[in-house]
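These are my notebook entries on one protein chain. I record in turn what I looked up.

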Amino acid sequence: MPTSNVAAFRPAATNNLDAFWMPFTANRQFKDAPRMLVSARDMHYVAADGRKILDGTAGLWCVNAGHGRPKIVEAVQRQVAELDYAPAFQMGHPKAFEFASRLAALAPAGLDHVFFANSGSEAVDTALKIALAYHRARGEGQRVRLIGRERGYHGVGFGGISVGGMVANRRTFGLGLPGVDHLRHTHDPARNAFTRGLPEHGAELADDLERLVALHGAETIAAVIVEPLAGSTGVLLPPQGYLERLRAICDRHGILLIFDEVITGFGRLGAPFASDRFGVTPDIMTTAKGVTNGVVPMGAVLASEAIYKAFMSGPEHMIELFHGYTYSGHPLACAAGLATLDTYQEEGLLTRAARMEKQLEDAAFALQDLPHVIDIRAIGLVAAIELEPIEGEPSRRAFSAFLKAFEKGLMIRTTGDIIALSPPLIVSEAQIDEMFGTLADVLREIG
Ligand SMILES: Cc1ncc(COP(=O)(O)O)c(C=O)c1O
């Protein structure tokens, strides 16, 4: 394997790096020492300097079946030649219906109707709008409040950042949606640090919803949205009993429960959805990422029969929900999605994480005594190693770990001072050892 410097990629004059304003990236740092990926296959990327990089993050939590999977590649190639685009409004194409049916069959019982979007952010906006419109359709149009949770991540649309709870994603973008409130987050290292499995403490934090009901009145609240496992803010596992309690409080007050499964959907936690793993079914579920293995952008919102039915009244020639995207149910995304589901099912990938999680957890907890480590969390094929921040320089330590890992041929993801690992679900036992072995070296080397 070639071992040239990671900074070896230098753009030609006609392709300088200035024009592309990179998302969620330290642009100046990147452009000074680019980390450029040029191809990928199965568990590995290839960098511009020819080095193989082990993908410890399934791209951005999306390439669950690994890279360059033949069935998916061929399906997209065939589709683009056969039907490149079809209008999404007042017209249909067969694969959108087929894919929706397949998703509904896979989803927890009762989530039978699928609305297509093109990203997690759009899926979240769609879910919030469906919740508001649902109550209005039933004559409860005063239910306009939306409840999110601190440290939640629901993408970057105005809906998502309003209900989301990542401070940096909110503070520079105005006031967001009115009438939004937040539950407290469940991260409690003082009581739960280094817990294996679900944290023991914190179920009572679901009662925050009762507090908000008492404050605002249940009759003003449309929906609560949470990630069953908060991914982007550092792999925060739900405390034992928390989700059940949230479900019960929602039921008591006629509030819709939305699970944002953009990260947890499609096998990450060892079951098709986190709802399956935790045995709690929401009224609406948002998905994206793994829905197409990351190959073509797509988001899919699954809604209950009761919600769908509430809209199916009035004159039959009238549009029931004034919402949709030019690319809702895009033919390439549906073709990719169908082939992705085939691949997941043929290879047993939607439950494979359950078989691998013990090894992953053991490998993660083996780092417990290394420098800077203040907490470790793991479930399914996802793990987090939380580091002590450098005083006065939050996120610098984990970013150094990210750069050092890339130098050593491993892609990890960091948020604040938390390292998250979420490899493709095809990861081998040897590759799990390799990932955590490299990470151990990284932690010993960084300051
Ligand atoms: C839980 C959750 N919701 C929504 C999103 C936003 O998805 P996208 O980046 O596709 O808009 C993400 C992305 O990481 C996510 O983790």
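**Entry 1: a pair of facing residues.** I began with Asp 55, and I found that Asp 55 stands opposite Met 411 in strand 13. The model I am reading is a predicted one. I then asked in which sense strand 3 and strand 13 pair. Strand 3 covers residues 52-55, and its pairing with strand 13 is parallel, over two bridges.

Entry 2: Four strands make up an open sheet, and their order is 1-2-3-13. The pairing in this sheet is mixed. Which strands are at the edges? They are strand 1 (37-41) and strand 13 (410-411), each of which pairs on one side only.

**Entry 3: the chain as a whole.** I counted the elements and noted 16 helices and 15 strands in the protein chain. For the overall dimensions, I noted that the C-alpha atoms fill a box of roughly 65 × 55 × 45 Å along the principal axes. Of the 447 residues, 48% count as buried. I also looked at contacts with a separation of 6 or more, and 73% of them join residues 24 or more positions apart.

**Entry 4: two domains.** I read the domain assignment, which gives domain 1 (6-65 + 348-445) and domain 2 (70-346). Their C-alpha centres lie 26 Å apart. The contact between them takes 33 residues from domain 1 and 26 residues from domain 2. On the side of domain 1 that touches domain 2, the elements giving two or more residues are helix 2, helix 14 (349-365), strand 11 (373-379), strand 12 (382-387) and strand 15 (418-421). Helix 14 provides the largest share of that side, with nine residues. By class, I recorded 19 nonpolar, eight polar and six charged residues on this side of domain 1.

**Entry 5: the nonpolar core.** I looked up the largest nonpolar core and found that it has 126 residues. Val 224, Ile 284 and Val 301 have the most contacts inside this core. Helix 13 (residues 331-346) gives the most to the core, namely nine residues. Why does this core lie between domain 1 and domain 2? It lies between them because both domains give residues to it. I then followed Val 301 and left aside its neighbours within four places in sequence. Its contacts include Val 114, Phe 115, Ala 123, Ile 130 and Ile 284.

Entry 6: Ala 58 is not a glycine, yet its phi is positive, at about 45°. Ala 58 is found in helix 2 (residues 58-61). Is Ala 58 buried or exposed? I noted 30 C-beta neighbours inside 10 Å, and Ala 58 therefore counts as buried, the cut-off being 20 or more.

Gln 90 also is not a glycine and has a positive phi, of about 60°. I located Gln 90 in the loop between helix 3 (70-82) and helix 4 (94-106).

Methods: Residues are numbered from 1 along each chain as its sequence is written. This is a predicted model: local features need pLDDT of at least 70, side-chain atom pairs count only at pLDDT 80 or more; totals for chains, interfaces and linings use all residues. Two strands pair if DSSP finds at least two bridges between them. A residue is buried if 20 or more other C-beta atoms lie within 10 Å of its own, exposed if 12 or fewer, and partly exposed in between; C-beta atoms are placed from the backbone. Two residues are in contact if their C-beta atoms, placed from the backbone, lie within 7 Å. A nonpolar core is a set of buried Ala, Val, Leu, Ile, Met, Phe, Trp, Tyr and Cys residues joined through C-beta atoms within 7 Å. Domain bounds come from an automatic or database domain assignment. Ala, Val, Leu, Ile, Met, Phe, Trp, Tyr, Cys and Pro count as nonpolar, Asp, Glu, Lys and Arg as charged, and the others, Gly among them, as polar.
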